[in-house]
Every structure is written in C-alpha cells, then in structure tokens.
Amino acid sequence: MNKKRVGIVGATGMVGQRFLTLLENHPYFEVTALAASARSAGKTYKEAVGERWKMTTPMPEAFADMMVMDAAEIEKVGALVDFVFCAVDMKKDEVKALEEAYAKAEIPVVSNNSAHRWTPDVPMVIPEINNAHYEVIEAQKKRLGTKRGFIAVKPNCSIQSYVPALTPLLKYKPTMIVATTYQAISGAGKTFKDWPEMVDNIIPYIGGEEEKSEQEPLRVWGTVENGEIVKADAPVITTQCIRVPVSDGHTAAVFVKFETKPTKEEILDAWKNFEGLPQKLALPHAPEQFITYFEEDNRPQAKLDRDIYGGMGVTIGRLREDVLFDYKFVCLSHNTLRGAAGGAVLNAELLYKLGYFD
C-alpha cells in the first residue's frame, strides 16, 4: 500500500503530541513533516517540546530527531505532504486564515480546531454518524478554487460523549435534552502537574463550552442543502459544562424527552446494534463496538472505561426512566482520543478510503 504523507501542524502541543502517538506505524499514513510556531522551527522535535511532553507513553523515537518546520511556511510544508492534521494554538481568525491557506495551496486539512466548525461548506463530522456531510467538500473546493485542497473538522470533544448515544434514538424524535458534562483537565491541554489548582476542585464554568454543546449536535444532525450544511431545528438542547479533577475522559449526565417514547429494551437494542461506516470498513482506529452499555450501577467510570477500544469507543450506563423527562442515562468518551486527535485520525482514515485525498 502506498502510504499518504502527512504533516502535523501544531505538532508540539498536547493534541499534536497525541497525533504522533496515534500515527506511529500507521498502515495508511506516514508522518513526513512536523510544523509549529516560528520559535520552534529549526529545532528537533524533542528540543522543541523539551519538558512539555504530556503523554503517559514516551515520545516515539521515530519523531524525536525530526526537524520542526515553521507552520507559516506553507509551500515548504506542502512539498513534503499529501495532507495535514491541524492542531494549532492560535486565535480563531488566525486559525481560519492558516487552514484556508493550506487548502488553497492544494493541501487537504483535517482539523482538530474549532475555527471552521460553522463554515457552511466545511463538514464537521463524527465518522460513524454524519460522514454524508463530506459531500459539501465539492462545493467548498469550488469556493476556494482548488482541485484537491479542502478543510474537514471534527466536533467539540464534549459532545462526542452524548451525541453518539442520542443518534440511534433520533427515530423516536427527541424533543428536549438536558446534558451536564463533567470534563477532564486534558480538555484544556493541562495535566495535574501544570494545573495544581484542579486537585480537589471543581470549576463550574468552561468558556464558550455550553454554547458549543447546545448547538454543535444540531449541526452534526443537519442536512446538506445546496452545498451547505443546514443544522437541524430540533431537539432543544440545554447544557452545563463543568471542569472536574479527572485527567482524561468527559462524562455526560443526559435527560431526554421523546415525541414517541421508546421502551427501555428498544433503547438498549438501538445502542447495541448501532454501527457506522468506519466499523463496516474496519478502519484502523474504528472501535469494534461503537457504543458499549454497562448494566452495573456504578459504570461507566472515567478511570475504568475511557480507554475502551483504544479510547475510541463510547460507553453508557444507568439508563432509567425519569419523573420529569422520559429517560436519563450517563455517557463517557475519551476526550483526547475519540474527542480530539483520535477523532481526527478516524476522519482522515475514512476520507482516505473514500478517495478524498486522491
């Protein structure tokens, strides 16, 4: 198999580091370029990262001595790659401009950033759920004036705990959803070592997170119309997002009311049998079982269950009827794997299989 050459733009940050742990020895992709800010350019990767390596596994030796390039030197990066992952830490308007510049240089961008999540012709995809949104890429390429350059993004990490649980239930027409997310500190790019204030603490506010959590599911469940993504107009979603002292794993407590109330057995059956195109294609980072339900009252737990299927599976527990809503349950997903770099890699694997990098 001829592997696609890939670059990591924003390689020195926490998500960039996670990309490298996922892409070492990947069957489809070979990392051929690492790019970051100008202050890191010209250094080896291990020199540029220094003491800031945040993964629990060691830095892959294959990348330690690679020279870091300036992410702004798009032609130089582009000469070495077939596409890039983007995980830069910049202002939103700067990210938008950088990603469009790569796309216009005929370099497809699979982004971990939020900058283009609401650009009408940019697909924001959870691969098992709304990969049909990739079809807007053709309209995007017309707008950009490109032949193969485009941008595709993945959604916010927190919604990927509960949107997979709700998607198989859309046939019962949910009308109202309440979701409270309990989000790990790695979602802020932190560890306990560099954020000691989070030890024995809860912070009941994450800037901008509640707006994303209420609106992004509607875009995921939206439709493609005239070369744009049109978000769904229902259900109504309200959220609270809380930072908790957990290293990895976003938990969501969900309440839902339906127009047509299903039985508990119907819900469990819908979760058990739900699979998407990544499972059918047996993509490298596709979990064998997308959704796993636990019968135990005390599951899922972040420490026990976040790494299921390599951190790419979603777990659910405590399904029961509610006195105000129809049902309530608890969900969990690994925020830096399924929710961030892993979700982007799975997007890239599916885009590769569907021919979008050709």
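## Thr12

Buried means under 20% relative accessible area, exposed over 50%, and partly exposed in between, with a 1.4 Å probe and protein chains only. Thr12 has a relative accessible area of 11%, so Thr12 is buried. This is a predicted model: local features need pLDDT of at least 70, side-chain atom pairs count only at pLDDT 80 or more, and totals for chains, interfaces and linings use all residues. Residues are numbered from 1 along each chain as its sequence is written, and side-chain values use heavy atoms, without hydrogens and water.

Thr12 sits in the loop between strand S1 (4-9) and helix H1 (14-23). Helices (H or I, at least four residues) and strands (E, at least two) are DSSP runs, numbered from the N terminus. Not counting residues up to four places away in sequence, Thr12 touches Gln17, Ala36, Ser40, Tyr45, Ala48, Val49 and Arg52. Contact means heavy atoms within 4.5 Å.

## Gln240

Gln240 belongs to strand S10 (residues 236-243). Its contacts are Ala179, Thr180, Thr181 and Glu210, leaving aside neighbours within four places in sequence. Tyr182 is 58 residues from Gln240 in sequence; their C-alpha atoms are 8.7 Å apart.

## Cavity

A cavity is a set of points, on a 1 Å grid over the protein atoms alone, where a 1.4 Å probe fits but cannot get out. Points join across faces, edges and corners, and a volume is the space filled by probe spheres set on them. The whole structure has one cavity of 30 Å³ or more. The largest cavity has a volume of about 40 Å³.

Lining residues have an atom within 4 Å of a point. Here they are Met14, Val15, Arg18, Met55 and Thr336. Three are nonpolar, one is polar and one is charged.

Note on methods
On a 1 Å grid over the protein atoms alone, a cavity is a set of points where a 1.4 Å probe fits but cannot get out, and a pocket is an open set with protein on both sides within 12 Å along at least five of seven lines; lining residues have an atom within 4 Å of a point. Ala, Val, Leu, Ile, Met, Phe, Trp, Tyr, Cys and Pro count as nonpolar, Asp, Glu, Lys and Arg as charged, and the others, Gly among them, as polar.
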